[in-house]
Amino acid sequence: MGAERQHYYGKLGTPQKYDPTFKGPIYNRGCTDVICCVFLLLAIVGYVAVGIIAWTHGDPRKVIYPTDSRGEFCGQKGTKNANKPYLFYFNIVKCASPLVLLEFQCPTPQICVEKCPNRYLTYLNARNSRDFEYYKQFCVPGFQNNKGVAEVLRDGDCPAVLIPSKPLARRCFPAIHAHKGVLMVGNETTYEDGHGSRKNITELVEGAKKANGVLEARQLAMRIFEDYTVSWYWIVIGLVIAMVMSLLFIILLRFLAGIMVWVMIVMVILVLGYGIFHCYMEYSRLRGEAGSDVSLVDLGFQTDLRVYLHLRQTWMAFMIILSILEVIIVLLLIFLRKRILIAIALIKEASRAVGYVMCSMLYPLVTFFLLCLCIAYWACTAVFLSTSNEAVYKIFDDVACPLTGKTCNPETFPSANESRLCPNARCQFAFYGGESGYHRALLGLQIFNAFMFFWLANFVLALGQVTLAGAFASYYWALRKPDDLPAFPLFSAFGRALRYHTGSLAFGALILAIVQIIRVILEYLDQRLKAAENKFAKFLMTCLKCCFWCLEKFIKFLNRNAYIMIAIYGTNFCTSARNAFFLLMRNIIRVAVLDKVTDFLFLLGKLLIVGSVGILAFFFFTHRIRIVQDTAPPLNYYWVPILTVIIGSYLIAHGFFSVYGMCVDTLFLCFLEDLERNDGSAERPYFMSSTLKKLLNKTNKKLAES
C-alpha cells in the first residue's frame with residue numbers, strides 16, 4: 001500500500017513536508033522570471049513608441065469629418081470646404097461595404113458637396129439641358145465643360161449618373177426603397193426594359209443595400225442615444241442600488257453566511273419563477289390579438305425591437321428559456337444538497353477572512369482604474385493608426401503606357417517626361433492607404449496594439465489576483481487569528497507582487513495573451529471565410545475556435561492557482577503552476593466537492609442581485625410603479641436602460657464576488673497544503689480554523705462513505 005501511495009505521489013508531484021519555520025507567505029524571497037520582466041518593459045517601451053508614431057501620422061478628424069480625394073476635410077471651419085459638409089462618391093458601386101466607407105478606403109473619386117443630390121440625372125442627359133448647372137456642382141472643383149463626354153467620364157471629372165441620396169455620417173448614400181414591388185430611387189422608378197440599365201440598377205442596388213442597412217442602424221443608434229440622454233440619471237441610480245445590494249449582501253455573508261446562502265437559493269428560484277409567470281401572462285394576454293401569431297422567422301430583423309414584444313412567440317421563447325434555467329438549478333440543488341452544506345462552511349471562513357482584510361473589497365476599484373487606462377490607450381492608438389492612411393494617386397491610361405500604375409502627385413502632374421511618354425495619361429485617385437514602410441506595417445501595428453492590450457490587461461488582472469491571494473494567505477497561515485495577522489496584509493502583498501514577481505505575472509499574462517490574440521485572428525479569418533462555401537474549411541475553423549476557447553479557459557484556471565502559489569512561496573511561474581496543478585490533482589475529489597460548489601453559489605448570488613435590480617428597472621421604466629409612474633422618462637425603447645442596468649449590475653456584483661471567489665480559492669489551496677504539511681497533532685498542529693476542521697471531518701466522513 002505504501003509503495004502504491006509513493007508511486008501515486010510520484011506521478012502527481014511531491015507533497016509539501018512539515019516545516020516548523022513556515023508561517024505563511026515567505027518574506028525573504030527573490031525576483032522571479034526576470035527575463036519576462038525585461039521583455040515586458042521592452043514591449044511597453046515599444047508600445048509607447050507605436051503610440052507616438054500613430055499620434056504623429058494619424059488624424060482622428062477623419063472620424064469626425066469625411067475627406068475628399070485630395071485629402072481635404074469636408075465641413076471643417078476655416079477651410080474652403082467649410083460650407084460643404086457632405087462627401088459625394090462618384091461610383092457608389094465600388095463602395096459595396098459600409099466598412100469601406102468608414103475606413104476611408106473607397107476606390108472612387110470623392111468630392112465635398114453642399115447638399116446630396118435629390119434627383120436622378122445622367123451626365124449625357126444633363127450636359128445639354130438647363131439641369132447642367134445643378135449637375136456641375138457634383139463635378140470636380142474647377143471643372144470646365146470643354147471636353148467630350150467620353151473624355152469627361154474617362155478622366156473622372158464628373159460622375160456618370162446622379163442618384164437621389166440621403167446623408168449618413170456626412171456621406172451621401174442612395175435613397176433606395178421599394179414601392180408596390182417596384183424598386184424606387186427617390187421618387188422615380190429605376191426599373192427599365194433596357195438590359196444595360198437593368199444591369200446598372202442591379203449593381204447600384206447591391207452597392208447601396210448595405211449602406212441603407214447602415215442608415216437604419218444609424219436611426220436605431222440615434223434613438224438609443226436619445227434614450228440614454230433622458231434616462232442616464234436613473235441608470236446611475238439603478239447601478240448605485242446594485243452596488244449597495246452587493247455590499248449589503250457581502251456584509252450579511254460575514255455574519256449570516258449559512259442563512260444568506262439558503263435565502264439566496266430560494267430567492268433565485270422565486271425570481272425565475274416570477275419571470276416564467278410574467279411571460280405566461282403576456283403570452284395569454286396576446287391571444288387573439290391581430291398579428292400576434294406571426295413567427296419570428298417571418299418577421300425577420302426589425303430595428304424597432306418593441307415589435308417583438310407584441311408576438312406570442314417571443315414570450316413563449318422567454319418562458320422556455322427561463323423554465324429550462326429553473327429546472328437546471330433545481331436539479332443541481334437536489335444533487336448537490338449535501339455538498340452545499342460543506343461549501344457553506346468554506347464561505348463562512350472566507351467571510352471571516354474578508355472581514356479581517358476589509359480593504360480587499362476596495363481593491364477591484366484599483367483593477368478597474370488600471371483596466372480603464374489600458375482600454376483608453378488601446379482605443380486611442382487604434383483610432384490614430386486607422387486614420388494614418390493617405391490618399392494615393394496612380395497614373396491611368398487607356399493605351400499601353402510604361403508609367404501606368406505608378407504613383408503620381410495630382411498637383412504637379414504631368415511633368416515633361418510624363419507628357420512625352422504618355423500624352424493621354426491622367427493622375428487619378430486610386431485608394432486610401434500608403435506605400436511607405438509605415439503604411440505597409442499598419443496591419444501589423446494594429447495586431448501589436450491588440451496583443452499589447454491583452455498582455456497588459458491580463459497583467460493587471462494577475463496583479464490583483466496575486467495581491468488578494470497574498471493577503472488572504474496571510475490570514476490562513478496565522479496560527480492565532482487574528483492576533484498573528486500582519487499589519488496591512490493587502491499593501492504588503494501588493495508590494496511583494498510588484499517588487500519580486502512582475503516577471504512571473506508577465507509570463508502568465510503573456511501565455512494567455514498569445515492564446516487570446518490567436519482567437520481574435522481566428523474570428524477574423526472566420527468572417528472572411530463566411531462567403532466561401534468550403535464546408536471543410538468551416539469545420540476546421542469551428543474545431544480550432546473550440547480548441548482555443550477550451551485552452552484559454554484551462555490557462556485561466558491554471559494561472560489563477562499558480563498566482564496563489566506565487567503569493568505564498570515566491571517561486572517562479574512554471575514551478576508555481578506545476579505545484580498548484582499537482583496539488584489539485586492529488587485532491588481532485590475535494591476540488592469537485594468544495595471548490596466548484598462555491599462557484600455555483602456565488603453565481604446564484606450574482607443572479608439574485610442582477611435579477612432583483614433588473615425587475616425593479618423593468619417595472620420603473622415601463623411605468624408600472626404607480627408611486628413614481630410620472631417620474632419615469634418617456635423612451636423610444638425601454639429595454640435600453642433596462643439592459644444597461646442589468647449588464648452594469650452584473651459587472652458590479654462580479655467585482656464584489658470576485659474578491660470572495662479569490663478568497664475561497666486561496667483558502668482552499670492553503671487548506672490542502674495544510675493537510676499535507678501537518679497532521680493536527682500538538683507537534684504539527686493545523687493552521688485551519690475550527691470551522692474548517694469541522695469541514696475536514698465532514699469531508700473525510702463523506703469520502704469514507706463513498
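Predicted model: local features only at pLDDT ≥ 70, side-chain atom pairs only at ≥ 80, totals over all residues.
Biologist: How many helices and strands does the chain have?
Modeller: Helices (H or I, at least four residues) and strands (E, at least two) are DSSP runs, numbered from the N terminus. On that count the chain has 22 helices and eleven strands.

Biologist: What share of the chain is buried?
Modeller: Buried means under 20% relative accessible area, exposed over 50%, and partly exposed in between, with a 1.4 Å probe and protein chains only. The chain has 706 residues. The buried share is 45%.

Biologist: Which residues have the most contacts inside the largest nonpolar core?
Modeller: A nonpolar core is a set of buried Ala, Val, Leu, Ile, Met, Phe, Trp, Tyr and Cys residues joined through side-chain atoms within 4.5 Å. The largest has 99 residues. Its largest share, 20 residues, comes from α15. Those with the most contacts inside this core are L253, W455, Y476 and L601.

Biologist: Which residues does L253 touch beyond its sequence neighbours?
Modeller: Contact means heavy atoms within 4.5 Å. Neighbours within four places in sequence are left aside. The contacts of L253 are then M260, V261, I347, S351 and Y660.

Biologist: Why does the length of α2 agree with expectation?
Modeller: The expected span of a helix is 1.5 Å times one less than its number of residues. Helix α2 covers residues 34-57, 24 residues in total, so it should span 34 Å. Its end C-alpha atoms are apart by 35 Å.

Biologist: What covers the buried residues of α2?
Modeller: The buried residues of α2 are C36, C37, L40, A43, Y47, V50, G51 and A54. Their cover includes α12 (363-386), α14 (437-440), α15 (442-476) and α17 (502-529).

Biologist: At the start of α19, which backbone nitrogen does N572 reach?
Modeller: Helix α19 runs over residues 573-586. Its buried residues include F573 and S576. A side-chain oxygen of N572 comes to within 3.3 Å of a backbone nitrogen, that of C574.

Biologist: Which residue stands opposite C172?
Modeller: Side chains in a regular strand alternate between the two faces of the sheet. In β6 (residues 171-174), R171 and F173 point one way, C172 and P174 the other, and all are buried. Strand β5 (residues 165-168) runs antiparallel to β6, joined by four bridges. Opposite C172 stands P167.

Biologist: Which residue takes a positive phi in the hairpin of β5 and β6?
Modeller: Two residues lie between the strands of this hairpin. The positive phi, near 55°, belongs to A169.

Biologist: Is P164 buried or exposed?
Modeller: P164 sits in the loop between β4 (161-162) and β5. Its C-alpha is 8.9 Å from that of L121, 43 residues apart along the chain. With a relative accessible area of 6%, P164 is buried.

Biologist: Is K115 buried or exposed?
Modeller: K115 lies in the loop between β2 (110-113) and β3 (121-122). Leaving aside neighbours within four places in sequence, K115 is in contact with Y86 and F138. Its relative accessibility is 60%, so K115 counts as exposed.

Conventions. Residues numbered from 1 in each chain as written. Heavy atoms only, no water. Polar contact = N/O pair within 3.5 Å; in protein donor to acceptor, adjacent residues only side chain to side chain. Pairing = 2+ DSSP bridges.
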